[in-house]
Amino acid sequence: MDRTSPVPLYFQLARQLESAVENGTLTPGTLLGNEIDLATRLGLSRPTVRQAIQTLVDKGLLVRRRGVGTQVVHSRVRRPMELSSLYDDLAAAGQRPATRVLVNRLESAAGPVAAALGVPEGTEVRYLERLRTAHGEPMAYLCNHLPAGIVEPDTEQLETTGLYRMLRSAALTLHSARQAVGARAATAEEAALLDEPEGAPLLTMERVTFDDTGRAVEYGSHLYRATRYSFEFQLMVRP
């Protein structure tokens, strides 16, 4: 800790703890001990330690459990802004993804869905609703529409693999996507699914994916827990 730095000590401690969680030095389930012990070991005041811990609790990296103490939880998933699936991103991050299928049916495309997929309104499309979890913890609520017949996924397949893997296995070449990211408050139903309080902030993503012929092959409308998930952008400065 740099006591001569203008950066507050609580913030320095929070950054060090966050880095230890992200690089795996502090693994999920690790107990940090109580604030008094931490303050004594680190030579800091108890309020400083308490504020640092609260910062990481607010970020979803630590949790206070009654009778247990402060414990490390699984780190937030940082998803790059590229054409990849949540399932593959979670698997690559060692997060053990799993899926609960809520809806898998054929239905008539309403106006917005038909426009996104480039088909006439009323055309039959495949509709999927899934709850994606990692280590048994809800991460995202996924709603997808696909042109009928492009793939015929059964529920068992959807529970054990990602949608993009299924599309690629059907000899489709995913080429590009149009995507919008936003945020809004969770409804009561969404909050119950994602284990968040009603009104909690959720990240939103709408994506239309195209194959190498320019055909729309998937329209997704997804919700992510803001405490467990973030999107990362790489920005380039124009010369």
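Student: Is glutamate 35 buried or exposed?

Tutor: Relative accessible area decides: under 20% is buried, over 50% is exposed, and partly exposed lies in between (1.4 Å probe, protein chains only). Glutamate 35 has 13%, so the residue is buried. This is a predicted model, where local features need pLDDT of at least 70, side-chain atom pairs count only at pLDDT 80 or more, and totals for chains, interfaces and linings use all residues. Residues are numbered from 1 along each chain as its sequence is written, and side-chain values use heavy atoms, with hydrogens and water left out.

Student: Which residue forms a salt bridge with glutamate 35?

Tutor: A salt bridge needs a side-chain nitrogen of Lys or Arg within 4 Å of a carboxyl oxygen of Asp or Glu. Here arginine 50 pairs with glutamate 35, and their closest N and O atoms are 3.3 Å apart. Helices (H or I, at least four residues) and strands (E, at least two) are DSSP runs, numbered from the N terminus. Arginine 50 sits in helix H3 (residues 46-58) and glutamate 35 in helix H2 (residues 35-42), so the pair ties together parts 15 residues apart in sequence. Arginine 50 is partly exposed, at 36% relative accessible area.

Student: How many salt bridges does the rule give?

Tutor: The count is eight. One of them joins arginine 126 and glutamate 152, at 2.6 Å from N to O. Arginine 126 lies in strand E5 (residues 124-134), while glutamate 152 lies in the loop between strand E6 (137-147) and helix H6 (155-160), so this pair ties together parts 26 residues apart in sequence.

Student: How accessible are arginine 126 and glutamate 152?

Tutor: Arginine 126 is buried, with a relative accessible area of 10%. Glutamate 152 is partly exposed at 48%.

Student: What about arginine 215 and aspartate 211?

Tutor: Their side chains form a salt bridge, 3.2 Å from N to O. Arginine 215 is partly exposed at 42% relative accessibility. Aspartate 211 is buried at 4%.

Student: How many aromatic pairs does the structure hold?

Tutor: Rings of Phe, Tyr and Trp (its six-membered ring) pair if their centres lie within 6.5 Å; planes under 30 degrees apart are stacked, over 60 edge-to-face, and the rest tilted. The structure holds one such pair. Tyrosine 10 is partly exposed at 24% relative accessible area. Phenylalanine 11 is partly exposed at 36%.
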